[in-house]
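Take a walk through this structure, one stop at a time. Keep the sequence at hand as you go.

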Amino acid sequence: MFVPSARSVARPRAVPGGLPGVPSAGVWPLCHSLAFDVSVWEFFWPLQVGARLVVAKPDGHRDPAYLTEEIVAQRVTTLHFVPSMLAAFLAYDGAARATSLRRMFASGEALPARSAAQVRELLPAARLHNL
């Protein structure tokens with residue numbers, strides 16, 4: 001993971017209009033290496049709509065406890081996982097504390113039906129999008 005600090009946060013100006021369905025008050029974590037093609041939309045989409053971008057500490061994307069603490073502390077609203085990491089996150093006892101989540105994206109692997117059901121059960125305010 002490319003990150004100098006767990007608390008590195010970009011605070012861009014709001015972009016008038018933004019993108020449909022993504023409020024400018026959102027907070028997105030950058031959990032993938034900037035060298036990974038998936039990180040491109042994670043990096044630019046929130047900045048285009050005036051959201052804050054929270055950068056995870058090195059290897060923090062592999063630690064469900066760390067991710068949960070950052071989601072809660074930073075009030076993260078939008079998150080992207082590969083399904084295997086989503087399953088690990090949902091298996092963590094504290095995952096239900098991530099009540100700020102409104103949008104979750106899963107891609108890169110097959111999304112198990114069990115994980116989708118767990119999102120609905122543990123985080124009913126979050127919409128899960130399987131890409």
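Serine 115 touches Leu86, Ala87 and Leu90, leaving aside residues up to four places away in sequence. The model is a predicted one. Find serine 115 in helix α4, which covers residues 113–122. Serine 115 has a relative accessible area of 2%. Buried means under 20%, so serine 115 counts as buried.

Now turn to the sheet. Three strands form an open sheet in the order β4-β5-β6, and their pairing is parallel. The edge strands are β4 (78–81) and β6 (127–130), each of which pairs on one side only. On average, neighbouring strands of this sheet are turned by 20° against each other, direction ignored. What holds such strands side by side? Strands of a sheet pair through backbone hydrogen bonds, either parallel or antiparallel. Look at β4 and β5, which run parallel and are joined by 4 bridges.

Next come the charged side chains. How many salt bridges are there? The count comes to 2. One of them joins arginine 97 and glutamate 69, with the closest N and O atoms 2.8 Å apart. Arginine 97 sits in the loop between α3 (83–91) and β5 (103–106), while glutamate 69 belongs to helix α2 (residues 64–74), so the pair ties together parts that are 28 residues apart in sequence. Arginine 97 is partly exposed, at a relative accessible area of 41%. Glutamate 69 is partly exposed as well, at 37%.

Aspartate 59 and arginine 62 also meet in a salt bridge through their side chains, at 3.7 Å from N to O. Is arginine 62 buried or exposed? Arginine 62 is exposed, with a relative accessible area of 58%. Aspartate 59 is partly exposed, with 42%.

The last stop is arginine 52, in strand β3 (residues 52–55). Its relative accessible area is 16%. That value is under 20%, so arginine 52 is buried. What lies 3.0 Å from a polar atom of the arginine 52 side chain? The backbone oxygen of glutamine 74 does. Arginine 52 and valine 76 are 24 residues apart in sequence. In space, the C-alpha atoms of arginine 52 and valine 76 are 8.9 Å apart.

Methods: Residues are numbered from 1 along each chain as its sequence is written. This is a predicted model: local features need pLDDT of at least 70, side-chain atom pairs count only at pLDDT 80 or more; totals for chains, interfaces and linings use all residues. Side-chain values use heavy atoms; hydrogens and water are left out. Helices (H or I, at least four residues) and strands (E, at least two) are DSSP runs, numbered from the N terminus. Buried means under 20% relative accessible area, exposed over 50%, partly exposed in between (1.4 Å probe, protein chains only). Contact means heavy atoms within 4.5 Å. A salt bridge is a side-chain nitrogen of Lys or Arg within 4 Å of a carboxyl oxygen of Asp or Glu. A polar contact is a pair of N or O atoms within 3.5 Å; within protein, one must be able to donate a hydrogen and the other to accept it, and residues adjacent in sequence count only if both atoms are side-chain atoms. Two strands pair if DSSP finds at least two bridges between them. Axes are lines fitted to C-alpha atoms, for helices over the stretch in contact, and angles run from 0 to 180 degrees between N-to-C directions.
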